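The report below describes how two chains are arranged and what some of their local features look like. Please read it alongside the sequence and the coordinates shown here.

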Number of protein chains: 2
Amino acid sequence: MSDFNLSLDSVARSVNSTMDKLLPAGKGPGGVLMEAIRYSALGGGKRVRPFMVIASSSLFNVDERYALRAAAAVEMVHCYSLIHDDLPAMDDDDLRRGQPTCHVKYDEATAILAGDALLTKAFEVLADKKTHPDAVVRAELVLELARAAGDEGMVGGQMLDLRAEHSTLDVPQITRLQRMKTGALIQVSCEFGAILGKATEGAHHALRGYSHDLGLAFQIVDDLLDVEGSPEEVGKQTGKDQEAGKATFVSLLGIERAREQADLLCDQAIEHLEIFAKKADPLRDLARFVVKRRA
Amino acid sequence: MSDFNLSLDSVARSVNSTMDKLLPAGKGPGGVLMEAIRYSALGGGKRVRPFMVIASSSLFNVDERYALRAAAAVEMVHCYSLIHDDLPAMDDDDLRRGQPTCHVKYDEATAILAGDALLTKAFEVLADKKTHPDAVVRAELVLELARAAGDEGMVGGQMLDLRAEHSTLDVPQITRLQRMKTGALIQVSCEFGAILGKATEGAHHALRGYSHDLGLAFQIVDDLLDVEGSPEEVGKQTGKDQEAGKATFVSLLGIERAREQADLLCDQAIEHLEIFAKKADPLRDLARFVVKRRA
């Protein structure tokens, strides 16, 4: 295992422990809701977005306790989106991270409510004094996460994606869709460090450039894994896009050019980090990991 | 029409206009998401919770522009909860405010996403500088709304309610369930005025007492309307609780005692307002309206 994997793993452990405390197992008749939330939110995952929050926070010497809470909030939003996207009325997936999806393990109503509660909890965590002593920072975290996750970001992108099954999109349209569906949350994860660290506009801008390119590379690799990966490796059903006749970067560019494009975007992402010198090495490693991952 | 109705109507008009601006009709391929959001959020409703925000804000001379944005955010959360609660996997309702529910008018995926986007937008609105110049106030609005709407509030209550169909609850259990499901959002609506107006702890406390009693009265009247009202009057299917064999205040107390209890709680709610003298008349009128309403 490379050093970077160790580092990704150690951030994942810290974030899991933070999430475990923020989502305490419930008692009494309402306990099943929290059980479903914990099943979906604490059942594994690489914690790539939390790593982005932690690594970007480290550029500005942000207190790790603040960064971990902000990272947990972003991951809660990511987990809620997976629960809802997996629902029968949406992508109808039975398998996630090698386990039954939330609505399969519990039921649809519980999965809808677990997602709703996780999304809500993310904002509760960010608005809490424990996440940052400065309310201006807290309000900005909430604002930027809401923008990234809402109708002009992730949810809007999922809507476009659902409708893409009935239409033929070209590369610019797929790019826009993916920037909304997955890029926006990746971008805000990297910007969280800058917000928490009250970074200069220049640093903000560099992180925005990095995450913009990395978000797209991330999605292209996801599309490649859907074609090239096995369900055992990837932990979810593969070949779904092709089956649904969905336009993806791979269907439009072909495997080879899609792979080249991902590598190019990775290099481009790394170039944005120059102003941070060695301090940005974890973000450089992350970019390389994202395009090389097999799951 | 009484003076109070005029006032409830005029607040509804102002809040609708604020929501109309905060949820601008979308263009392009993603436009259908915003169309579904607008269909559900701007398609009527008495705007009782926004009235509570406005009336409580007026106690502390809060700038009306701030109160209206905060009121719109609360109503967005209420509207999202209706969209999700109406889904086939949840209460499976076809009719809401006399119109087809969101998933009937559009489809289930769109309804799930419209709810998700509305919930997210509520927090975006509250965290925005336009809602209050003081970030401490904005962060507190977010925190309290998230607490009221999440797993220990509205969503947790809906989960208990879904499971109540398979169990026999007694009055204390029903009371707890309803305090979470509808009471928490009503309570935060009344507290928003105190937060926006940086009220004293005494004033906070009085509003909490008022909204605590009023929230329960509201729910008892809802249960009564489900038994006594016609679908035409109420704008949604009635008799559903009885059909599902669900324990309600009415099934447990009987019609007459439930009605008495609602009246008692209304009087009790009004008593909490004494410290505000005449300024609290709109909140007094609201309490009387809540127990007398026919829809």
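## Arrangement of the two chains

Chain B is superposed on chain A by a rotation of 180° with 0.0 Å of shift along its axis, at an RMSD of 0.0 Å, where copies are superposed by least squares on the C-alpha atoms of residues with pLDDT of at least 70 in both. That is therefore the relation of a two-fold axis. This is a predicted model, in which local features need pLDDT of at least 70 and side-chain atom pairs count only at pLDDT 80 or more, while totals for chains, interfaces and linings use all residues. Residues are numbered from 1 along each chain as its sequence is written, and chains are lettered from A and ligands numbered from 1 in the order in which they are written.

Across the interface, 39 residues of chain B are in contact with 39 residues of chain A, two residues being in contact if their C-beta atoms, placed from the backbone, lie within 7 Å. On the side of chain B that touches chain A, the elements that give two or more residues are helices H2 (31–41), H6 (108–127), H7 (135–149) and H8 (154–164) of chain B; helices (H or I, at least four residues) and strands (E, at least two) are DSSP runs, numbered from the N terminus. H6(B) supplies the largest share of that side, 12 residues. By class, the side has 24 nonpolar, six polar and nine charged residues, where Ala, Val, Leu, Ile, Met, Phe, Trp, Tyr, Cys and Pro count as nonpolar, Asp, Glu, Lys and Arg as charged, and the others, Gly among them, as polar. Because 100% of the interface residues of chain B are also interface residues in chain A, the copies meet through the same surface.

## Chain A as a whole

Chain A has 15 helices and two strands. Its radius of gyration is 18 Å, close to the 19 Å that the globule rule gives for 295 residues, so chain A is as compact as a globular protein of that length; the radius is taken over C-alpha atoms, and the rule is 2.2 Å times the number of residues to the power 0.38. Of the 295 residues of chain A, 54% count as buried, that is, with 20 or more other C-beta atoms within 10 Å of their own, whereas 12 or fewer make a residue exposed and counts in between make it partly exposed, with C-beta atoms placed from the backbone.

## Individual residues

| Residue | Other C-beta atoms within 10 Å | Class |
|---|---|---|
| A:Cys79 | 25 within 10 Å | buried |
| A:Lys198 | 14 within 10 Å | partly exposed |
| B:Ala277 | 9 within 10 Å | exposed |

A:Cys79 belongs to helix H4 (residues 64–85) of chain A, and, not counting residues up to four places away in sequence, A:Cys79 touches A:Ser40, A:Ala41 and A:Leu118. The C-alpha atoms of A:Cys79 and A:Ala41 are separated by 5.7 Å, although the two residues are 38 residues apart along the chain.

A:Lys198, a residue other than glycine, has a positive phi near 45° and lies in the loop between helix H9 (171–196) and helix H10 (201–228) of chain A. For B:Ala277, also a residue other than glycine, phi is positive and near 50°.
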